[in-house]
Amino acid sequence: MHADLEAPALPPLVTRSSWKALERHHQEVRNVDLKTWFAADPDRGTRMTAEAVGVFLDYSKNRVTDQTLDLLVELAREAGLQARIEAMFRGDAINTTERRPVLHVALRAPKGATIVVSGENVVPQVHAVLDRMAAFSDRIRDGRWTGHTGKRIRSILNIGIGGSDLGPVMAYEALKHYSDRAMTFRFISNIDGTDFVEATRDLDPAETLFIVSSKTFTTLETMTNAQTARDWLIGGLGNEPKAVAKHFVAVSTNRAKVAEFGIDTANMFEFWDWVGGRYSMDSAIGLSTMLAIGPDGFRAMLGGFHQVDEHFRTAPLRQNLPVLMGLLAVWYNDFFGAQTTAVLPYEQYLKRFPAYLQQLTMESNGKHVTLNGTRVDYQTGQVYWGEPGTNGQHSFYQLFHQGTRLIPCDFIAFGRPIHKVGRHHDILLASAFAQTEALAFGRTSEQLKAEGMPDWLVPHRVCAGNRPSNTILMDRLTPEALGKLVALYEHSVFTQGVIWNIDSFDQWGVELGKVLAQRIIPELESKTEPELGHDSSTNNLIRRYRRLKQATR
């Protein structure tokens, strides 16, 4: 492996010449209306677009000029973005706080590629696991694998949390059209017992397979749910512990813990410490996805990822789709003070995509110190959220159009529907395009008065416009297209992190709550009154919960 990549010795972000130039430029353009720019440049809508690997990006409805983009690209150059991209693809330890490479790109590298970690090409290892996953998936899907009683497996339950859940759930929902509908797929993540009960209430243990996804096989929520699943299964199959080996498989790196649980380690699918949880849906964590759509579909998804990887690695910054999206996010976050970004897929199958992006974006870039450990003096990491169109139009779009907050929006649409049902897709796409038009150009008081609107009502009907949006347009939602879409956002997040000079691949903030929970659990479960040493609020909540718990006995 290349030597650990030290935190780059860069001047503070806000002192760089490109940053200061952007601050001056922002003062010049912040009050310019999109209507003005479109009127002055009839070709803006066709010129301010980019296209690669089957992804079309229209960024013309952003509050930017060519000069803005040139300055943002210069900011990326000053931040050393190209060198950081090359370092990631090389296998350098760009996760500086954990001294690890960041190689989700290796998970979708083709056979024959070379990515070296600790002196060893990891690509053959990746494909060996993929081949084992494929062989296992085929056995489940064609019925050769049977449960403890000889029945065929018909229900797959993935137990995980965070990256071991959000990616698989999103991918299953997104690709449900391509899944084996003779099988049931469900996902258990929450420690709330309701999640487990509802997922299993109508299932036959003899036909159920659990995938326990935990790198360490010690994650509190996952292993608590896994133990409950084990008890449920054994209880439903004649109290026979040997049944576990036919109804559980593991995605983990901890062979000893997997064996201790009762899972045959021949049915343990590995991944590596250079795969971050939120970047792991195309590793063995995606076993449920492969079971649902088959090995060919899974490999097609990996192919989509790889196409965007190569585009990100090789395309000039000014024509680079993830780079453009990342730079625009920095522009709104740090210069306009936007605090959220809405992701609005006009495709019902992508209903869980915004939730997936919440972890990808906010766990990655929710950081308050630079790579060198100094406190940042600028904003990092927006809040990402959204729902599918057109549902959101009848819910929160009101805030976009007439609210007081600036909320940049990403609209995602597909030219061809999966289901051709009457006029539905034309209306769906018309709605998407209309919303971007309305956000950009609004409706003035003069227009309303010309339409005969009463004067008293005019202020209530005005939409100011000048609200920015991207439109991402692709051909059709397929496994390959999903891979492209996820990779697009992965690399956009990376671009933002490089600009902000933060580590987008650790998540130490997640650990604090876990540590405190381990302290509080025995205090809640103690049969005698525990001696509490928390703050007065936490102490009071613990005592109140203990009283409520005792009252229900």
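How many nonpolar, polar and charged residues does the lining of the largest pocket have? By class, there are 15 nonpolar, 17 polar and nine charged residues in that lining, where Ala, Val, Leu, Ile, Met, Phe, Trp, Tyr, Cys and Pro count as nonpolar, Asp, Glu, Lys and Arg as charged, and the others, Gly among them, as polar.

## Basis of the model

The model is predicted, so that local features need pLDDT of at least 70 and side-chain atom pairs count only at pLDDT 80 or more, while totals for chains, interfaces and linings use all residues. Residues are numbered from 1 along each chain as its sequence is written, and side-chain values use heavy atoms, with hydrogens and water left out.

## Pockets

The largest pocket holds about 1,100 Å³ of space. On a 1 Å grid over the protein atoms alone, a pocket is an open set of points with protein on both sides within 12 Å along at least five of seven lines, whereas a cavity is a set of points where a 1.4 Å probe fits but cannot get out; lining residues have an atom within 4 Å of a point. Grid points are joined across faces, edges and corners, and a volume is the space filled by probe spheres set on the points.

The largest pocket is lined by 41 residues, of which Thr 219, Gln 507, Val 510, Glu 511 and Lys 514 are the closest to its centre. Two or more lining residues come from each of α9 (220-236), α14 (353-365) and α20 (508-525), and α20 gives the most, with seven residues. Helices (H or I, at least four residues) and strands (E, at least two) are DSSP runs, numbered from the N terminus.

The second largest pocket has about 360 Å³ of space, and among its 14 lining residues Glu 347, Gln 348, His 424, His 425 and Leu 428 are the closest to its centre.

## Cavities

A search of the whole structure finds three cavities of 30 Å³ or more. The largest cavity, with about 150 Å³ of space, is lined by 17 residues, and Met 325, Ala 329, Thr 341, Asp 410 and Asn 470 lie nearest its centre. The largest share of this lining, four residues, comes from α13, and nine nonpolar, seven polar and one charged residue make up the lining.

The second largest cavity has about 90 Å³ of space; of its 14 lining residues, Arg 84, Leu 371, Gly 497, Val 498 and Ile 502 are the closest to its centre. Here α19 gives the most to the lining, with three residues.
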